[in-house]
Amino acid sequence: MIKTIYAHTAEIDDVSAAISEIKDQISAEGGLLKNTVGIVGAFSDFVESGVVKALSETFPFDIVGITTIAAGGSGLNELMSLRLTILTSDDVRFATALTAPIKESSGEVIAAGYREAASKFEDEPALIIPHAPLLMTVSGDSYVRALDEASGGIPVFGAVPVDHTIDYHESKVIYGGEAYYESMAILLVFGDIKPKFYIGTILKEKLLREKGEITSSTANVLHEINGKVARDYLVSKGLTADESGDIPAINANPFIIDFNDGSNKSIVRAAFAVTPDGSVVCGGDVPVGSYLTVGYVDEESLVASSVEVIDELIADGKKDVFLAYSCVGRYFYLKFDPEVEINAMREAMEKAGEPWSLIYAGGEICTLPQEDDETVRNRFHNVTLVMCTF
(Lines give C-alpha, C1' and ligand atoms only; values in the text may rest on other atoms or scores of the structure.)
Protein backbone atom coordinates (compact mmCIF):
# COMPACT_ATOMS: atom_id res chain seq x y z
CA MET A 1 0.00 0.00 0.00
CA ILE A 2 1.16 3.51 -0.84
CA LYS A 3 -0.08 6.65 0.81
CA THR A 4 0.00 9.82 -1.30
CA ILE A 5 0.29 13.26 0.26
CA TYR A 6 -0.11 16.38 -1.87
CA ALA A 7 1.41 19.61 -0.58
CA HIS A 8 1.92 23.00 -2.17
CA THR A 9 2.91 26.59 -1.62
CA ALA A 10 2.62 29.82 -3.57
CA GLU A 11 5.09 31.59 -1.25
CA ILE A 12 8.18 32.21 -3.40
CA ASP A 13 10.17 34.79 -1.44
CA ASP A 14 9.72 33.79 2.20
CA VAL A 15 11.49 30.41 2.42
CA SER A 16 10.57 29.79 6.05
CA ALA A 17 6.89 30.48 5.41
CA ALA A 18 6.90 28.18 2.36
CA ILE A 19 8.47 25.28 4.28
CA SER A 20 6.15 25.82 7.25
CA GLU A 21 3.13 25.70 4.94
CA ILE A 22 4.24 22.40 3.43
CA LYS A 23 5.08 20.94 6.85
CA ASP A 24 1.59 21.73 8.08
CA GLN A 25 0.00 20.00 5.09
CA ILE A 26 2.09 16.85 5.61
CA SER A 27 1.25 16.77 9.32
CA ALA A 28 -2.45 17.16 8.54
CA GLU A 29 -2.26 13.95 6.49
CA GLY A 30 -0.84 11.95 9.38
CA GLY A 31 2.84 12.03 8.57
CA LEU A 32 5.15 9.62 6.75
CA LEU A 33 5.61 5.84 6.62
CA LYS A 34 8.85 3.81 6.39
CA ASN A 35 9.83 4.56 2.77
CA THR A 36 9.24 7.97 1.20
CA VAL A 37 10.06 9.98 -1.91
CA GLY A 38 8.91 13.36 -3.24
CA ILE A 39 8.07 14.45 -6.80
CA VAL A 40 8.03 18.20 -7.33
CA GLY A 41 6.85 20.58 -10.03
CA ALA A 42 7.92 24.16 -9.35
CA PHE A 43 7.77 27.51 -11.08
CA SER A 44 11.43 28.33 -11.73
CA ASP A 45 11.44 31.24 -9.26
CA PHE A 46 11.22 28.68 -6.43
CA VAL A 47 14.67 27.44 -7.48
CA GLU A 48 16.15 30.93 -7.48
CA SER A 49 14.60 31.93 -4.14
CA GLY A 50 15.93 28.86 -2.32
CA VAL A 51 12.62 27.16 -1.56
CA VAL A 52 13.54 24.06 -3.60
CA LYS A 53 16.85 23.72 -1.79
CA ALA A 54 15.17 24.18 1.59
CA LEU A 55 12.74 21.35 0.80
CA SER A 56 15.57 18.83 0.54
CA GLU A 57 17.35 20.25 3.56
CA THR A 58 14.17 20.04 5.65
CA PHE A 59 12.62 16.69 4.78
CA PRO A 60 14.31 13.28 5.28
CA PHE A 61 13.57 11.86 1.81
CA ASP A 62 14.78 12.28 -1.77
CA ILE A 63 12.98 14.83 -3.93
CA VAL A 64 13.08 14.79 -7.75
CA GLY A 65 11.17 16.76 -10.34
CA ILE A 66 11.10 19.60 -12.84
CA THR A 67 10.49 23.29 -13.26
CA THR A 68 7.10 24.09 -14.80
CA ILE A 69 5.08 26.92 -16.25
CA ALA A 70 1.96 26.06 -14.24
CA ALA A 71 0.61 23.48 -11.80
CA GLY A 72 -2.78 22.50 -10.49
CA GLY A 73 -4.21 20.12 -7.96
CA SER A 74 -6.41 19.46 -4.96
CA GLY A 75 -6.53 22.62 -2.84
CA LEU A 76 -4.21 24.51 -5.19
CA ASN A 77 -5.48 27.71 -6.79
CA GLU A 78 -2.24 29.49 -7.75
CA LEU A 79 -0.60 28.61 -11.10
CA MET A 80 2.78 30.09 -10.06
CA SER A 81 3.28 27.53 -7.34
CA LEU A 82 5.31 24.61 -6.08
CA ARG A 83 3.46 21.28 -6.04
CA LEU A 84 4.96 18.41 -4.05
CA THR A 85 3.62 14.87 -4.41
CA ILE A 86 4.86 12.60 -1.62
CA LEU A 87 4.72 8.82 -1.98
CA THR A 88 5.17 7.00 1.32
CA SER A 89 4.83 3.28 2.10
CA ASP A 90 5.89 0.51 4.48
CA ASP A 91 6.37 -2.06 1.71
CA VAL A 92 6.91 -0.23 -1.60
CA ARG A 93 10.47 1.11 -1.90
CA PHE A 94 12.07 3.96 -3.82
CA ALA A 95 15.56 4.60 -5.21
CA THR A 96 16.90 7.67 -6.99
CA ALA A 97 19.98 8.72 -8.94
CA LEU A 98 21.22 11.73 -10.91
CA THR A 99 23.03 11.11 -14.18
CA ALA A 100 26.11 12.91 -15.38
CA PRO A 101 25.43 15.72 -17.89
CA ILE A 102 23.81 14.35 -21.04
CA LYS A 103 25.31 15.26 -24.39
CA GLU A 104 24.41 14.08 -27.89
CA SER A 105 25.54 10.54 -27.06
CA SER A 106 23.30 9.96 -24.07
CA GLY A 107 22.79 6.21 -23.88
CA GLU A 108 25.62 5.12 -21.59
CA VAL A 109 25.23 8.15 -19.30
CA ILE A 110 21.55 7.32 -18.76
CA ALA A 111 22.27 3.60 -18.40
CA ALA A 112 24.85 4.34 -15.70
CA GLY A 113 22.32 6.43 -13.79
CA TYR A 114 19.73 3.68 -14.06
CA ARG A 115 22.20 1.06 -12.80
CA GLU A 116 23.15 3.27 -9.85
CA ALA A 117 19.52 3.55 -8.74
CA ALA A 118 18.69 -0.10 -9.49
CA SER A 119 21.67 -1.38 -7.48
CA LYS A 120 20.11 -0.18 -4.23
CA PHE A 121 17.76 -3.20 -4.16
CA GLU A 122 18.13 -6.78 -5.35
CA ASP A 123 14.77 -7.09 -7.12
CA GLU A 124 13.74 -5.45 -10.37
CA PRO A 125 11.86 -2.13 -10.26
CA ALA A 126 8.21 -2.08 -11.33
CA LEU A 127 8.27 1.49 -12.67
CA ILE A 128 10.81 4.07 -13.85
CA ILE A 129 9.98 7.75 -13.29
CA PRO A 130 12.56 9.86 -15.18
CA HIS A 131 12.78 13.64 -15.23
CA ALA A 132 14.90 14.38 -18.29
CA PRO A 133 16.51 17.66 -19.39
CA LEU A 134 15.09 19.86 -22.15
CA LEU A 135 17.97 19.79 -24.65
CA MET A 136 17.86 21.07 -28.22
CA THR A 137 20.55 18.58 -29.28
CA VAL A 138 18.97 15.43 -27.83
CA SER A 139 15.70 13.84 -28.96
CA GLY A 140 13.28 12.82 -26.22
CA ASP A 141 13.05 9.41 -27.87
CA SER A 142 16.74 8.84 -27.16
CA TYR A 143 15.95 9.03 -23.43
CA VAL A 144 13.30 6.35 -23.83
CA ARG A 145 15.56 4.08 -25.90
CA ALA A 146 18.36 4.36 -23.35
CA LEU A 147 16.08 3.48 -20.43
CA ASP A 148 14.56 0.59 -22.39
CA GLU A 149 17.98 -0.84 -23.19
CA ALA A 150 19.23 -0.42 -19.63
CA SER A 151 16.14 -1.87 -17.94
CA GLY A 152 14.94 -4.42 -20.46
CA GLY A 153 11.75 -2.49 -21.12
CA ILE A 154 10.33 -1.69 -17.69
CA PRO A 155 7.36 0.74 -17.90
CA VAL A 156 8.36 4.41 -17.89
CA PHE A 157 6.40 7.52 -16.88
CA GLY A 158 7.99 10.95 -16.60
CA ALA A 159 8.51 14.38 -18.11
CA VAL A 160 10.85 17.05 -19.44
CA PRO A 161 10.93 20.50 -17.73
CA VAL A 162 9.59 23.76 -19.07
CA ASP A 163 9.45 27.33 -17.80
CA HIS A 164 7.90 30.73 -18.48
CA THR A 165 10.72 32.23 -20.60
CA ILE A 166 10.55 32.55 -24.40
CA ASP A 167 13.54 30.27 -25.02
CA TYR A 168 13.00 28.03 -21.95
CA HIS A 169 16.43 28.87 -20.56
CA GLU A 170 15.24 28.36 -16.98
CA SER A 171 13.96 24.83 -17.64
CA LYS A 172 15.73 22.55 -15.17
CA VAL A 173 15.61 19.11 -13.63
CA ILE A 174 15.39 19.10 -9.82
CA TYR A 175 17.30 16.64 -7.66
CA GLY A 176 18.38 16.87 -4.04
CA GLY A 177 17.62 20.55 -3.71
CA GLU A 178 19.66 21.55 -6.75
CA ALA A 179 18.60 22.28 -10.34
CA TYR A 180 20.34 20.92 -13.44
CA TYR A 181 20.24 21.88 -17.11
CA GLU A 182 21.71 18.67 -18.59
CA SER A 183 21.21 15.79 -16.15
CA MET A 184 18.37 13.29 -15.73
CA ALA A 185 16.88 12.51 -12.32
CA ILE A 186 15.81 8.87 -12.16
CA LEU A 187 13.30 7.54 -9.64
CA LEU A 188 12.68 3.78 -9.45
CA VAL A 189 9.67 2.25 -7.70
CA PHE A 190 10.11 -1.28 -6.29
CA GLY A 191 7.37 -3.54 -5.01
CA ASP A 192 4.03 -5.11 -5.81
CA ILE A 193 2.48 -2.35 -7.90
CA LYS A 194 0.68 -2.53 -11.23
CA PRO A 195 0.87 0.89 -12.89
CA LYS A 196 -1.76 1.82 -15.45
CA PHE A 197 -1.34 4.57 -18.01
CA TYR A 198 -3.78 6.98 -19.64
CA ILE A 199 -3.13 9.22 -22.64
CA GLY A 200 -5.18 12.18 -23.85
CA THR A 201 -4.24 13.43 -27.31
CA ILE A 202 -6.65 14.60 -30.02
CA LEU A 203 -10.18 13.36 -30.48
CA LYS A 204 -10.66 11.09 -33.49
CA GLU A 205 -13.26 13.39 -35.05
CA LYS A 206 -10.58 16.09 -35.27
CA LEU A 207 -8.33 14.03 -37.55
CA LEU A 208 -8.18 14.15 -41.33
CA ARG A 209 -9.36 10.80 -42.58
CA GLU A 210 -6.45 9.85 -44.81
CA LYS A 211 -3.33 8.26 -43.36
CA GLY A 212 -0.02 8.63 -45.14
CA GLU A 213 2.84 6.15 -44.80
CA ILE A 214 6.19 7.60 -43.71
CA THR A 215 8.53 6.36 -46.43
CA SER A 216 11.69 8.30 -45.55
CA SER A 217 12.89 9.85 -42.28
CA THR A 218 15.94 10.40 -40.12
CA ALA A 219 15.11 10.24 -36.40
CA ASN A 220 12.82 13.26 -35.86
CA VAL A 221 13.17 14.67 -39.40
CA LEU A 222 10.37 13.64 -41.76
CA HIS A 223 11.56 13.48 -45.40
CA GLU A 224 8.82 11.70 -47.38
CA ILE A 225 5.21 10.58 -46.97
CA ASN A 226 3.76 8.16 -49.51
CA GLY A 227 6.94 8.69 -51.52
CA LYS A 228 6.33 12.46 -51.81
CA VAL A 229 8.40 15.22 -50.25
CA ALA A 230 6.88 15.81 -46.80
CA ARG A 231 6.09 19.49 -47.47
CA ASP A 232 4.38 18.67 -50.77
CA TYR A 233 2.29 15.92 -49.19
CA LEU A 234 1.14 18.23 -46.41
CA VAL A 235 0.24 20.99 -48.86
CA SER A 236 -1.82 18.47 -50.82
CA LYS A 237 -3.78 17.83 -47.62
CA GLY A 238 -4.68 21.47 -47.10
CA LEU A 239 -1.72 23.08 -45.32
CA THR A 240 -0.54 26.32 -46.95
CA ALA A 241 3.05 27.03 -48.04
CA ASP A 242 4.40 30.51 -48.75
CA GLU A 243 6.51 31.58 -51.75
CA SER A 244 9.71 30.32 -50.10
CA GLY A 245 8.23 26.86 -49.57
CA ASP A 246 7.84 27.28 -45.82
CA ILE A 247 4.59 26.38 -44.04
CA PRO A 248 4.23 29.29 -41.57
CA ALA A 249 1.56 27.61 -39.44
CA ILE A 250 3.24 24.19 -39.42
CA ASN A 251 2.99 23.92 -35.62
CA ALA A 252 -0.76 24.60 -35.65
CA ASN A 253 -1.49 21.10 -36.98
CA PRO A 254 0.16 18.37 -34.91
CA PHE A 255 0.74 14.97 -36.50
CA ILE A 256 -0.82 11.78 -35.17
CA ILE A 257 1.62 8.88 -35.56
CA ASP A 258 0.62 5.22 -35.65
CA PHE A 259 3.86 3.28 -35.14
CA ASN A 260 2.26 0.22 -36.75
CA ASP A 261 3.73 -1.97 -34.00
CA GLY A 262 0.69 -3.29 -32.14
CA SER A 263 0.06 -0.19 -30.05
CA ASN A 264 -3.62 0.55 -29.59
CA LYS A 265 -2.87 4.23 -29.00
CA SER A 266 -1.31 6.64 -31.47
CA ILE A 267 1.00 9.42 -30.32
CA VAL A 268 1.25 13.10 -31.20
CA ARG A 269 4.23 14.76 -32.81
CA ALA A 270 4.54 18.54 -32.89
CA ALA A 271 5.98 19.94 -36.12
CA PHE A 272 8.53 22.71 -35.64
CA ALA A 273 9.94 23.75 -39.02
CA VAL A 274 10.28 23.02 -42.74
CA THR A 275 13.83 22.66 -44.09
CA PRO A 276 14.88 24.02 -47.53
CA ASP A 277 14.57 20.55 -49.08
CA GLY A 278 10.97 20.19 -47.90
CA SER A 279 11.61 17.95 -44.91
CA VAL A 280 9.74 18.62 -41.66
CA VAL A 281 11.43 18.75 -38.24
CA CYS A 282 9.25 17.13 -35.57
CA GLY A 283 9.32 16.99 -31.76
CA GLY A 284 10.17 13.30 -31.66
CA ASP A 285 11.06 10.33 -33.84
CA VAL A 286 8.91 9.59 -36.91
CA PRO A 287 10.04 6.11 -38.02
CA VAL A 288 9.77 4.76 -41.54
CA GLY A 289 6.79 2.41 -41.82
CA SER A 290 4.68 4.44 -39.42
CA TYR A 291 1.46 6.13 -40.53
CA LEU A 292 0.78 9.86 -40.20
CA THR A 293 -2.50 11.72 -39.93
CA VAL A 294 -2.76 15.50 -39.77
CA GLY A 295 -4.60 16.64 -36.66
CA TYR A 296 -6.57 19.75 -35.87
CA VAL A 297 -6.67 21.30 -32.41
CA ASP A 298 -8.97 23.88 -30.93
CA GLU A 299 -9.75 24.73 -27.33
CA GLU A 300 -13.00 22.78 -27.26
CA SER A 301 -11.55 19.56 -28.67
CA LEU A 302 -8.48 19.74 -26.46
CA VAL A 303 -10.50 20.06 -23.28
CA ALA A 304 -12.83 17.32 -24.51
CA SER A 305 -9.84 15.00 -24.95
CA SER A 306 -8.77 15.75 -21.38
CA VAL A 307 -12.23 15.01 -20.00
CA GLU A 308 -12.49 11.81 -22.04
CA VAL A 309 -9.30 10.33 -20.61
CA ILE A 310 -10.07 11.54 -17.07
CA ASP A 311 -13.47 9.85 -17.27
CA GLU A 312 -11.73 6.63 -18.34
CA LEU A 313 -9.38 6.85 -15.37
CA ILE A 314 -12.19 7.50 -12.88
CA ALA A 315 -14.21 4.60 -14.27
CA ASP A 316 -11.30 2.26 -13.48
CA GLY A 317 -11.70 2.93 -9.75
CA LYS A 318 -9.73 4.56 -6.98
CA LYS A 319 -5.94 4.07 -6.80
CA ASP A 320 -3.34 4.97 -4.17
CA VAL A 321 -1.21 7.09 -6.52
CA PHE A 322 -2.16 9.57 -9.23
CA LEU A 323 0.47 11.37 -11.32
CA ALA A 324 -0.19 13.61 -14.34
CA TYR A 325 1.74 15.77 -16.80
CA SER A 326 0.34 17.91 -19.61
CA CYS A 327 2.35 19.36 -22.46
CA VAL A 328 3.10 23.05 -22.73
CA GLY A 329 1.89 22.67 -26.33
CA ARG A 330 -1.61 22.17 -24.98
CA TYR A 331 -1.13 25.36 -22.97
CA PHE A 332 -0.41 27.18 -26.25
CA TYR A 333 -3.52 25.76 -27.92
CA LEU A 334 -5.51 26.95 -24.90
CA LYS A 335 -4.45 30.54 -25.75
CA PHE A 336 -1.85 30.56 -22.96
CA ASP A 337 -4.46 29.84 -20.30
CA PRO A 338 -3.70 26.51 -18.60
CA GLU A 339 -6.58 27.06 -16.18
CA VAL A 340 -8.93 25.83 -18.90
CA GLU A 341 -7.52 22.31 -18.75
CA ILE A 342 -6.80 22.48 -15.02
CA ASN A 343 -10.39 23.50 -14.29
CA ALA A 344 -11.69 20.65 -16.44
CA MET A 345 -9.58 18.20 -14.46
CA ARG A 346 -10.59 19.81 -11.15
CA GLU A 347 -14.30 19.49 -11.95
CA ALA A 348 -14.03 15.84 -12.99
CA MET A 349 -11.69 14.67 -10.22
CA GLU A 350 -13.37 16.52 -7.37
CA LYS A 351 -16.80 15.36 -8.51
CA ALA A 352 -15.45 11.81 -8.19
CA GLY A 353 -13.91 12.62 -4.80
CA GLU A 354 -10.38 11.94 -6.05
CA PRO A 355 -7.30 13.93 -5.01
CA TRP A 356 -5.19 14.97 -7.99
CA SER A 357 -2.18 16.87 -9.24
CA LEU A 358 -1.17 18.17 -12.70
CA ILE A 359 2.18 19.59 -13.80
CA TYR A 360 2.82 21.23 -17.19
CA ALA A 361 5.90 19.86 -18.98
CA GLY A 362 8.06 20.37 -22.07
CA GLY A 363 7.56 16.77 -23.21
CA GLU A 364 5.98 13.65 -21.77
CA ILE A 365 7.28 10.10 -21.38
CA CYS A 366 4.62 7.43 -20.98
CA THR A 367 4.00 3.78 -21.71
CA LEU A 368 1.44 3.15 -24.44
CA PRO A 369 -1.39 0.73 -23.70
CA GLN A 370 -1.05 -2.36 -25.90
CA GLU A 371 -3.59 -4.55 -27.67
CA ASP A 372 -2.48 -7.59 -25.67
CA ASP A 373 -2.25 -5.52 -22.44
CA GLU A 374 1.09 -7.21 -21.78
CA THR A 375 3.74 -5.80 -24.10
CA VAL A 376 5.40 -2.58 -22.96
CA ARG A 377 5.90 0.24 -25.48
CA ASN A 378 7.50 3.25 -23.87
CA ARG A 379 7.18 6.45 -25.91
CA PHE A 380 8.07 10.13 -25.86
CA HIS A 381 5.04 12.37 -26.52
CA ASN A 382 4.21 15.91 -27.64
CA VAL A 383 0.98 17.89 -27.04
CA THR A 384 -0.31 15.14 -24.76
CA LEU A 385 -1.87 14.71 -21.34
CA VAL A 386 -0.38 11.62 -19.68
CA MET A 387 -1.52 10.08 -16.40
CA CYS A 388 -0.31 7.15 -14.31
CA THR A 389 -2.08 5.39 -11.42
CA PHE A 390 -1.16 2.47 -9.20
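Predicted model: local features only at pLDDT ≥ 70, side-chain atom pairs only at ≥ 80, totals over all residues.
Local features are taken at pLDDT of at least 70 and side-chain atom pairs only at pLDDT 80 or more, while totals for chains, interfaces and linings use all residues. Residues are numbered from 1 along each chain as its sequence is written, and side-chain values use heavy atoms, with hydrogens and water left out.

Helix 1 covers residues 15-28 (helices are DSSP runs of H or I, at least four residues, and strands are runs of E, at least two, numbered from the N terminus). After the helix comes Gly30, with a positive phi near 95°.

Which residues of helix 1 are buried? They are Ala18, Ile19, Ile22, Gln25 and Ile26 (buried means under 20% relative accessible area, exposed over 50%, partly exposed in between, with a 1.4 Å probe and protein chains only). These residues sit on the same side of helix 1 because they cover an arc of only 125° around the axis, taken from the directions from the axis to the C-beta atoms. Ser16, Asp24, Ser27 and Ala28 are exposed on the other side.

As for the cores (buried Ala, Val, Leu, Ile, Met, Phe, Trp, Tyr and Cys residues joined through side-chain atoms within 4.5 Å), the largest has 53 residues, and Leu222, Leu234, Phe255 and Val280 have the most contacts inside it. Apart from that one lies another core of 34 residues, among them Tyr198 and Val340.

Notes. Expected span 1.5 Å × (residues − 1).
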